[in-house]
Amino acid sequence: MPDLTPCTITVIYSGQPVEGADVLLAPKSGQFSAAGITDAAGRAIMKTDGTYEGVVPGEYLASVTKLEKTATDLGPSPEDPEEYAKMQEKIKALPAPEHLVPEKYSSFTTSGLVVSVIAGTAAELTFELAD
């Protein structure tokens with residue numbers, strides 16, 4: 001594992017911190033991505049490979065996603081193949097969850113969010129999302 005640099009990203013939407021948003025960083029070149037989930041202050045501590053605090057220095061494309069919670073607990077998966085097929089049909093019939101921040105931010109190609117992390121310099125960034 002290469003040396004990691006601390007990185008926190010704060011997500012703001014409509015002037016308010018966004019809690020529970022998934023923040024992802026995809027390297028423009030290299031192999032190590034990073035991810036974090038925002039807290040009540042809208043702040044995500046980025047972790048490489050979901051385990052190691054910090055990110056590998058470099059350039060990243062970023063995405064931010066927050067979806068509404070849906071009631072999808074249909075119980076344990078049935079062992080009977082027919083019952084399992086019925087459960088899968090119920091899941092497919094559920095409406096897609098609503099995006100709670102603009103959907104364009106959920107894709108690396110449409111978000112317009114870019115992050116530069118410099119070795120030895122802690123990165124503290126703010127993403128101000130707009131409609």
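1. Buried here means under 20% relative accessible area, exposed means over 50%, and partly exposed lies in between (1.4 Å probe, protein chains only). The coordinates are a predicted model, in which local features need pLDDT of at least 70, side-chain atom pairs count only at pLDDT 80 or more, and totals for chains, interfaces and linings use all residues. Residues are numbered from 1 along each chain as its sequence is written, and side-chain values use heavy atoms, with hydrogens and water left out.

2. Overall make-up. The protein has one helix and 10 strands. Helices (H or I, at least four residues) and strands (E, at least two) are DSSP runs, numbered from the N terminus. Read along the sequence, the order is β-β-β-β-β-β-β-β-α-β-β.

3. Dimensions. The radius of gyration is 18 Å, whereas a compact globule of 131 residues would have one near 14 Å. That radius is taken over C-alpha atoms, and the globule rule is 2.2 Å times the number of residues to the power 0.38. Along the principal axes, the C-alpha atoms fill a box of roughly 55 × 35 × 25 Å.

4. Burial and surface. Of the 131 residues, 31% are buried. The protein exposes about 8,100 Å², and carbon and sulfur atoms supply 52% of that area. Accessible areas come from the Shrake-Rupley method with a 1.4 Å probe; for residues, only the protein chains shown count as cover.

5. Contact means heavy atoms within 4.5 Å. Among contacts with a separation of 6 or more, 68% are between residues 24 or more positions apart. There are 9 positive and 19 negative charges, and their mean positions are 2 Å apart. Lys and Arg count as positive, Asp and Glu as negative; His and the chain ends are not counted. Each charge is placed at NZ of Lys, CZ of Arg, CG of Asp or CD of Glu.

6. Strands E3 and E4. Strand E3 covers 22–27 and strand E4 covers 34–37. The two run antiparallel and are joined by four bridges. Two strands pair if DSSP finds at least two bridges between them. Leu24 has Ala35 as its bridge partner in E4. The hairpin has six residues between the strands, and Gly30 takes a positive phi near 110° there.

7. Faces of E4. Ala34 and Gly36 form the covered face of E4; Ala35 and Ile37 form the uncovered one. E4 is also joined to strand E6 (residues 47–48) by two bridges, again antiparallel. In that pairing, Ala35 stands opposite Lys47.

8. Phe32. This residue is found in the loop between E3 and E4. Phe32 counts as buried because its relative accessible area is 17%. Leaving aside neighbours within four places in sequence, Phe32 is in contact with Met1, Pro2, Pro27, Thr48, Asp49, Val56 and Tyr60. The C-alpha atoms of Phe32 and Pro2 are separated by 9.3 Å, with the two residues 30 apart along the chain.

9. Strand E8 and its partners. E8 spans residues 58–65 and pairs with E9 in the antiparallel sense over five bridges. Six bridges join E3 to E8, also antiparallel. On the E9 side, Leu61 has Val114 as its bridge partner, and Ala62 has Leu113.

10. Ser63. This residue is in E8. Ser63 is classed as buried because its relative accessible area is 2%. Beyond neighbours within four places in sequence, its contacts are Asp22, Val23, Leu24, Tyr105, Ser106, Ser107 and Phe108.

11. Glu68. This residue is in the loop between E8 and helix H1 (81–93). Glu68 counts as partly exposed because its relative accessibility is 31%. With neighbours within four places in sequence left aside, Glu68 is in contact with Ala96, Pro97, Glu98 and Leu100. Its C-alpha atom is separated by 9.8 Å from that of Val101, which is 33 residues away along the chain.
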